[in-house]
Amino acid sequence: MEGLLMGSVFPSLRMPYVVAIFIPMIGRSEVVDSIEEFTLKAQNYAQVIIDPSKSYAKFVMQFLNSELGMKIREWAPSGIIPRLNKGSLKKLQVLMPDLETQQKMLEIDTRFSAEENILLGLQNDLTKLRRDLWKSPQAANMVSNSLEVFSERIAGVLKGQVSIGLDQWIETIPFPIASVLRAWQSTASDDFKAKYEHLLHFFEATAEFLGVILLSAFYGNEGLYDLHKVKLKESMAKQNLSFQRATFGTWKLVVEYLGKQTRSLLQENGKKFDDAKNDRSICETIFADQTLKLPRLLCSKEIIDVLQKTNSMRNNWTGHGGIVGQEEAQHRNEQLFGQVEKLRQAMSDVWDTSVVVNALNCKPRKGVFENEIAMLKGSNSEFLKESRTMSTWLDIDSLYIINGKQERALKLLPLISMKSSHGTAKDACYLFNKIEKDKVRFVSYHFSNRPELVGPNDEVFDTIKQLSE
């Protein structure tokens, strides 16, 4: 890592330099290399001269716009209104490989742009065909023929690559949701009714999974949850929802409401520097995540949009009875698959570092705890195991989320349960569904041999009571 500043900072923007970049001194706007790309007023940019013997200006610009670079920029501002200045600019750190490596990285990045342009061109072609279809009913045959030609263009290798990419992604996401997607994949390719129903289960499971994470984080801070418990309950009552009989709508609302509160904690605009720093610290603590990647995912508007749309689809489809034909089932499957891809994009690489784990045993050693854990990642229930040295011991009857190599973990509420499947050594995942008099019902969306568990569970009874009262 090297200091960024190789020349001088010029708030004055009279003349552009070939080796200059312009860094926004406020907010999260992108670093640019020309005045024409400004999205803020000129006085809110600092012109920084890059020493060409050490780095390419474009490389520094791309690095500072990356996820890591953005994080470095976020922590540099100071003052009541967070703002970069000459001093903080000089202290910015940039990952600086040799010039040959920088050039190689820039060339690869250009190739990414080229591939994105190809995909954009294909998307534009599809958009035009759909527009032509609805512009004139007489064009239906022409559009159908053009769509056949289009489909042939992307058949084979391209469709295969999409499938491979999806397979790889499934093996990086947590088992509670990956297992449901695998059930969808393993269904006969022409059984569209079963396939779209699996996807509805996937989105319901995803809503509950994300909702439980948010609830666990806020619930772990009693004072913080008490601030929102009444409003959350009122919001549920307005829509005739409750934790006692949890539905897709219940969990969607939890993600909406607590996601908004998380977004407020992460929001910096309009806050004093100390207040913004304190709110970020609260977020780091309740989610046990110093990087804040997990809370940022959970409160993202893209995630909420996917859950809202898929919940709406489910309500529309279940609200209108009748037999679902093959063509309609295929259409529903395609609609839901489009939302899977949007969810995949929104989740990015968060689950590379944020891992759901199940503790197996623990050994106290010299003031720390060596926890042996099972990594509940991907669709295979033969989970990888490893040892983690942490500042606390992990309960073998609970699930946790561990972020990176951090020594703390987020304990999940007992609304997600791993059980050995009946008659086998493999594990199945069960999600809380509802309270039935004196019993608790859990359901599995991937294990058809034993799709539900019903029985007394004092821990879950107490949890639902605490969440609701």
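This is a predicted model: local features need pLDDT of at least 70, side-chain atom pairs count only at pLDDT 80 or more; totals for chains, interfaces and linings use all residues.
By contact I mean heavy atoms within 4.5 Å.

I started with helix α7 (residues 175-186) and helix α8 (residues 192-219). Their axes come within 9 Å and cross at roughly 175 degrees. Anything over 145 degrees counts as roughly antiparallel, so α7 and α8 are roughly antiparallel to each other.

Next I looked up who touches whom. From α7 I noted Pro176, Ile177, Val180, Leu181, Ala183, Trp184 and Gln185. On the α8 side they meet Lys195, His198, Leu199, His201, Phe202, Ala205, Thr206 and Phe209. Sorted by class, this contact of α7 with α8 has 10 nonpolar residues, four polar ones and one charged one.

**Entry: the sheet**

Then I traced the strands. I get an open sheet of five, in the order β8-β7-β6-β9-β10, and the pairing is antiparallel. Which strands stand at the edges? They are β8 (384-390) and β10 (409-411); each has a single partner strand, so one side of each is left without a neighbour in the sheet. I also noted the twist, which averages 40 degrees from one strand to the next.

I zoomed in on the β8 end. Strand β7 (residues 368-375) runs antiparallel to β8, and seven bridges join the two. As for Met375, I found its bridge partner in β8 to be Leu384.

**Entry: helix on sheet**

Last, I went back to α8 to see where it sits on the strands. α8 lies across β6 (354-365), β9 (399-403) and β10. Against β10, α8 runs at about 105 degrees.

Note on methods: Residues are numbered from 1 along each chain as its sequence is written. Side-chain values use heavy atoms; hydrogens and water are left out. Axes are lines fitted to C-alpha atoms, for helices over the stretch in contact, and angles run from 0 to 180 degrees between N-to-C directions. Helices (H or I, at least four residues) and strands (E, at least two) are DSSP runs, numbered from the N terminus. Angles under 35 degrees count as roughly parallel, over 145 as roughly antiparallel, 65 to 115 as roughly perpendicular and the rest as oblique. Ala, Val, Leu, Ile, Met, Phe, Trp, Tyr, Cys and Pro count as nonpolar, Asp, Glu, Lys and Arg as charged, and the others, Gly among them, as polar. Two strands pair if DSSP finds at least two bridges between them.
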